[in-house]
Amino acid sequence: MKIEVTLPDGSVRQYEEGATAMDVARSISEGLARNVLSAKVNGEVRDAERPLPGKCELQLLTWNDPEGRSTMWHSSAHLMAEALEALYPGIKFGIGPPIEHGFYYDVDLGDRVITDKDFPAIEAKMKELAAKKSAYVRSEVPKAEAIEYFSEKGDEYKLELIEGLQDGEITFYQQGDFVDLCRGPHIPDTSYIKAVKVLSIAGAYWRGDENRKQLTRVYGITYPKQKELDAFLAMIEEARKRDHRKLGRELDLFTFSEKVGAGLPLWLPKGAALRERLINFMKAAQEKDGYEQVVTPHIGGRQLYVTSGHWEKYGKDSFRPITTPHDGEEFLLKPMNCPHHCEIYASRPRSYKDLPLRLAEFGTVYRYEQSGELHGLTRVRGFTQDDAHLFCRPDQVKDEFIKVIDLVLKVIKALDLGDFEAQISLRDKVDRSKYIGSESNWEKAEQAIIDAAKEKGLPTVVEYGEAAFYGPKLDFMIKDALGRKWQLGTIQVDYNLPERFELEYVGSDNLKHRPVMIHRAPFGSLERFVAVLIEHHAGRFPLWLTPEQAILLPISDKYLDACLDIARSLKDSDIRASVDERNEKIGRKIRDAELARIPFMLIIGEKEAEQGTVSVREHGQGDLGPMSPQAFADLVNERVKVQLGGL
RNA sequence: GCCUUUGUAGCUCAGGGGUAGAGCACUUCCUUGGUAAGGAAGAGGUCAGGGGUUCAAUUCCCCUCAAAGGCUCCA
């Protein structure tokens, strides 16, 4: 009896019954077999050495497949657990899954404490155990037997996990002396793990519940080759160098003050000017799309948020209301701009001919974030959104949505953000209690987003349960230069607020209708956006945005006046340039300008002064040779024009 | 908010129960130098803030604030 196996390329091969994915790999090539970590059988990832279930579709997974890497890292978590148990007998184990980069294992160390000084010993033990080439052996275990095993071992965490499982679906995996409750799958044996690094430790609550015991979470990563591990560690190092908190200080963009308060950034002149350029860019783009700027106060009466629903939903987790001294009137720092904008809409009767009404505001909002959550500019308590609300007729939703998508794409291009993915966030498929608004409105909104994304041909991924409580969203997740994902622009359809604020317009039928609202913020928040720009570009902003486009470097102070003259003329051509007036040698001035990431250095000495030229050196590139100041200005302005795409 | 760790000059960091150290940055002077660090001198700190123990605390203990990593959360 033969079984038929269909491979991803569509080819069909015949194997003996009981053949494994590894047998299939070997029949193709020995080299492939050596690299197979696990296999996807009819869509399910399984051990490579488990017999195939019969006729099936098979994909062999190697290190090049995300699922292959996950298998490897999952097995590595077991290896690390084995090492930890060998080093610290009697410790108990929580869970140990693979994650995006590597894996972790939550352990209860009892009275023991481990620190990063212990990492080398753990790594050495892992390598020693890996070299034994122990197979990962799967076994199906009756529930009673599983309970008995972990009762004897005294591991209450595993026992709790087993309690939640049905008899008959419990499997153990064993490698070497280490036995673990595990669904699998795993790599064939430990020898695939060649390069090992324990990365960090942190506290983590058992089952994510802050009322339960805190375990020690040990993070690690492994690779099949040392070279790949080295590259990963180099990437971590690069990320550390690009950290916006460090670069923000070095580039004089922003700072924080204990007295002002945590999570409340102070923008320095250079950072504020950079923000202004971003704002002006967005205003120009929005003007073309028919937006109108509005301005609203930083606070709003409590009733405004009762009407919007935010009070009920977030009142407990907001800054406390501020009150007037005598009458006790309550106001909230605004956590969003939309309620204010709704009131602008409601300030007079609207006709269907007025729609869409596009109200834009760079509105600063304040949200209480837990102190442990604050992080540089990416998680703050006060931030400015490039917010706008589009009030439109139901038949205009899709077109408006598409125009917003185009705007976001313009931003991505002008700021050289590269790869992105559009995440469509819909309701949780099961639990609908956390959402407000009618079923039919939700369905309409979700469909409008799906249609618009499809029509623009965006690379999309759908996430259930990620929607806002008032409506579905389309979030742009950009991938930065180091491959990290960030959520930036967001577009959200909202059928709910217009209802709560009883917004209306008079239709062509002379009847009252309810408008649909689209919330959108292409940058998201300026704070977060600038943080991502800093890290993505490693502080080397696009020329149009960067604080200083050029610096003039006199060879000696004999040429200082010439430099000051040229700086003035460049300013007339809209170039941001300064002069290094310090009494230093040219090598030093160049070094400091390179470190300050200034795109162009203009060197002026005897030769240039005579010829009326500047010698241009480009950051990171080197000497471009001499040219006239005007030619340089044209060069810069031309590049800026291309970057801005005609805005 | 919770857990762990940390807080010494503008920055990066050393030190340690007995009046505080380095490098870089800064100021002044010398040097006028051609594509990534010229030389010298000087100034700069209530050792995060508050309380306690001690003859004596920057150092040990407690509290508060802030930061780092993680957990939970994120309109």
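Let's start at the RNA: helix H18 gives the most to the surface near RNA strand B, with seven residues. Near here means that a residue has a heavy atom within 4 Å of the strand.

Before I go on, a word on the ground rules. This is a predicted model, where local features need pLDDT of at least 70 and side-chain atom pairs count only at pLDDT 80 or more, while totals for chains, interfaces and linings use all residues. Residues are numbered from 1 along each chain as its sequence is written, chains are lettered from A and ligands numbered from 1 in the order in which they are written, and side-chain values use heavy atoms, leaving out hydrogens and water.

Back to the RNA, then. How many residues surround RNA strand B? There are 48, and the closest are Met336, Ser371, Glu373, Asn583 and Arg588. On the RNA side, sugar and phosphate account for 47% of the atoms that come within 4 Å of the protein. By class, the surface near RNA strand B has 20 charged residues, 14 polar and 14 nonpolar. For those classes, Asp, Glu, Lys and Arg count as charged; Ala, Val, Leu, Ile, Met, Phe, Trp, Tyr, Cys and Pro as nonpolar; and the others, Gly among them, as polar.

Several elements each supply at least two residues of this surface, among them strand E12 (195–205), strand E13 (214–223), helix H8 (244–250) and helix H18 (586–595).

Now some individual atoms. An N or O atom in the side chain of Arg245 is 2.6 Å from a phosphate oxygen of RNA strand B.

Is Lys158 buried or exposed? Lys158 counts as buried because its relative accessibility is 3%; buried means under 20% relative accessible area, exposed means over 50%, and partly exposed is in between, with a 1.4 Å probe and protein chains only. Lys158 lies in helix H6, residues 156–163. What does its side chain meet there? The side chain of Lys158 reaches the backbone oxygen of Gly94 at 2.8 Å, and a polar contact of 2.9 Å joins it to the side chain of Asp180. A polar contact is a pair of N or O atoms within 3.5 Å; within protein, one must be able to donate a hydrogen and the other to accept it, and residues adjacent in sequence count only if both atoms are side-chain atoms. Leaving aside residues up to four places away in sequence, Lys158 touches Phe93, Gly94, Tyr105, Phe150, Asp180 and Leu181. Contact means heavy atoms within 4.5 Å.

Helix H12, residues 338–345, is another enclosed element. Six of its eight residues are buried, so H12 is largely enclosed by the rest of the structure. The buried ones are Cys338, Pro339, His340, His341, Cys342 and Tyr345.

Next, a helix pair. The axes of H9 (residues 269–288) and H13 (residues 397–414) come within 11 Å and cross at roughly 145 degrees. Those axes are lines fitted to C-alpha atoms, for helices over the stretch in contact, and angles run from 0 to 180 degrees between N-to-C directions. H9 brings Phe281, Met282, Ala285 and Gln286 to the contact, and H13 brings Leu407, Lys410, Val411 and Ala414. By class, that contact has six nonpolar, one polar and one charged residues.

A few backbone details deserve a look. Most residues other than glycine have a negative phi, and most peptide bonds are trans. Here, the bond from Gly184 to Pro185 is cis, with omega near 0 degrees, and Pro185 lies in the loop between strand E11 (178–181) and E12. The bond from Leu355 to Pro356 is cis, with omega near 0 degrees; Pro356 lies in the loop between H12 and strand E20 (357–366). As for phi, Glu502 has a positive value near 50 degrees, and Glu502 is exposed, with a relative accessible area of 59%.

To finish, the whole chain: chain A has 20 helices and 33 strands, and buried residues make up 50% of its 647 residues.

Definitions and conventions: Helix = DSSP H or I, 4+ residues; strand = E, 2+ residues; numbered from the N terminus.
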